[in-house]
Each structure stands twice: as C-alpha cells, then as structure tokens.
Amino acid sequence: MPSVVPDTTRVVVVASSPRGLPIAEDFAVREEPLPPRASDQLLVRVDVLSLDPYLRSLLRQGHLDDPALGPGQVMPGRAVATVLESDDPSLPVGSLVLGETGWREHAVLPVALASPVRVPERVPASAALGLLGMPGLTAYAAHVRHLAPRPGETVVVSSATGGVGSLAGQLAARSGARTVGIVGSREKVALAHTLGYDQVVVRTESDWIDQLHAACPDKVDAYLHMGDQATLDGVVEHLALGARVSLCGLIDQSNGAPPTRFRAGAVMLARATVRGLVVHDHADLAAEHAERVGALLATGALGLVEDTWNGLEQAGAAFEALMSGRNRGKVVVQLHREGE
C-alpha cells in the first residue's frame, strides 16, 4: 500500500543561541510546508536521526566551512530515512538511504547526496549513523593512523563510552593493548567494562589523577582525547616515552570554555607525537572501515551501544544530554521503526 505523502512536516529549529551548555529549551518544534520535489530529488521519511557533538559549534561560530546557525534556522543532521517518492531506479520507493536531512520528519534530498544504507544482516540500520558511520570512521582512523597500539601498550580513551570512544576502546583491546577508559560518572563504569576496558577512571571524582596513575603504572602509550582541559592536562602529564596523542574533540571549548591549551613541556619530556584528527581527512579509509568493523559487528565481536530517544520533540533534550556527557553510546532519535 503506498505511503501517504504529507504536505507539511515537523522540524526542529534553533529557538535561542546557547550560552555555554545547550539546553532543551534552546530548540523548538514547528510545522513547515514540504518543498516540491524535482525529478533528481527524493522525498524521504526520517526514521533515525543522528545527533553529533560537532553540531554544537554551528550554534556558536560555525564548523569548518559551515556558517553559524541563528534563531529560526533548522538544525542540520544526518539520518537513516525511507524513500517515499523517487524517479531513480537505484534508490526506489521503500529503500533505506543515508542523507543530510536535518532535524525533521520528512525531507527532500538530491539523489546525488543520498546513499543506500548498507549494514550486515542482523545489524540495525542505525549502525550506519554510529559504528559504521562518521563516529566509527573517526575511531577507526584514530586507531590505525594516530594511536597505532602495539600488544602490551596502554591506550587511554576519554569519553570512553560515547559514539567514538566505544569503538576506539574495543579496537585497541583487539590489538592486544591494555585499555583504560575515562568516563564522566560512576554510573558509566559498568558499561565501560562491558565494552572491554581493562580499567576505568572517573574524571569527575576528586582522586581521578590517582585512579589514572594506578590504572597506568607504566604510563600512557597512546591517548585519544575528546574531553576537557583538566582531562587533557592530567593524561599529558602521565605520557610514556614516545607516546602518541590524537586530538579528536574539545567538548568544553565547544560549550564556550576558553581555548584549550597544551602542556608543551610534558610533550617534550615524553618525546610525544600529537596529531589533530578531522574525520574528513580520512575518507580514503571509509571502505576499509565499513568492511572490517561491519564484519566484527556481524559476528557479535563488537558491542553496539546506542542511546535512543523516541520522537522528534525529544531531539533538544537528547542534544542537551549529549553535550553534558550524560549519554551512553551513540545518540540517536528514533522517529519511525523499520517496516512501519
């Protein structure tokens, strides 16, 4: 039975520019008309929406080449969506696609900017937004090109149970390294151990530096940073000789904190290598990442952790939770389920 095509759709817009941590009230849901579809476009229904930390920078000064967003503008974002109308035989009605839909229930997308969703059997389509999507590629690139852990080395991952960290830690463990996860609350310790971390440090506890030193008696050989200034300082002061540091995210700076500073003396003392990671520089790894991580997911060798919120009206609250570090895994908003 053909799907009913609506004339309007609900979208999430910026209600006010956040100061510091974004809150749910910085966003609002409104109705807007759907634009007409051209023959080289698709009409899609958004099924699962991805929420990602980089979006916070769009609410302040912009991100890379993307300009800043102001009040009244629709929040951007990638989604898994079902095709409702199509003139392209490669993306027929009913097929699942990936596309930059924004935070909305329906969207009109150029065919050229949509791609079919490909996940292994028994792996949910939402994995295309997480471990098999941009966060997964970020973790994979950091693992193979920046951290390059060897058996017996100690790898530390901040934001250890998030969309990137949850895969980075598992990849490091599979390489034979000792893995130490840094998390923001005691409630996340059990999840980190489920993901295979050998030791877990809670950065919000007063003795977290002591926890870090106890977990890394031979210091830190490789570090993936996605935390705040205090976390960066604590780990960098405990680097082993020849350590590798991958700077992947500066969450506090995104939320309006002062620019992040690096302890150059500690880097010099450790003769460490420090590299910045922007996932777009590693697009050549996409096929390799999808094949290798997809195969591990298909066999159950990797754990898939998703923090799922239901309904478009929950997107603002979900983003607040993500940017305050309360999420457990990759954050997605479920609007419709496969087969509905």
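Trainee: Which residues in α5 are buried?

Mentor: In α5 the buried ones are Trp208, Gln211, Leu212 and Ala215. Buried means under 20% relative accessible area, exposed means over 50%, and partly exposed is in between, with a 1.4 Å probe and protein chains only. Before we go on, this is a predicted model: local features need pLDDT of at least 70, side-chain atom pairs count only at pLDDT 80 or more, and totals for chains, interfaces and linings use all residues. Residues are numbered from 1 along each chain as its sequence is written, and side-chain values use heavy atoms, with hydrogens and water left out.

Trainee: Back to those buried residues, then. How are Trp208, Gln211, Leu212 and Ala215 placed in α5?

Mentor: Trp208, Gln211, Leu212 and Ala215 are the buried residues of α5. They cover an arc of only 100° around the axis, which puts them on the same side of α5. The arc is that of the directions from the helix axis to the C-beta atoms. On the other side of α5, Asp210 and Ala214 are exposed.

Trainee: What do the buried residues of α5 pack against?

Mentor: They pack against β9 (178-183), β10 (199-202) and α6. Contact means heavy atoms within 4.5 Å. The helix and strand names come from DSSP runs, numbered from the N terminus: helices are H or I with at least four residues, strands are E with at least two.

Trainee: How do α5 and α6 cross?

Mentor: The axes of α5 (residues 208-215) and α6 (residues 229-236) come within 10 Å and cross at roughly 40°. That makes α5 oblique to α6. For the cut-offs, angles under 35 degrees count as roughly parallel, over 145 as roughly antiparallel, 65 to 115 as roughly perpendicular, and the rest as oblique. Axes are lines fitted to C-alpha atoms, for helices over the stretch in contact, and angles run from 0 to 180 degrees between N-to-C directions.

Trainee: And which residues of α5 and α6 meet?

Mentor: Trp208, Ile209 and Leu212 from α5 meet Ala230, Thr231, Gly234 and Val235 from α6.

Trainee: Switching to α9. Which residues there are buried, and which are exposed?

Mentor: His289, Val293, Gly294, Leu296 and Leu297 are buried in α9. Seen down the axis of α9, the buried residues fall within an arc of 160°, so they line one face of the helix. Ala287, Glu291 and Arg292 are exposed on the other side of α9.

Trainee: What does the buried face of α9 pack against?

Mentor: The buried residues of α9 pack against α2 (134-147) and α3 (165-174).

Trainee: Pick a residue in α2 for me. Is Leu137 buried or exposed?

Mentor: Leu137, which sits in helix α2, is buried, with a relative accessible area of 11%. Leaving aside neighbours within four places in sequence, Leu137 is in contact with Val279, His282, Leu285, Ala286 and His289. His289 is also one of the buried residues of α9.
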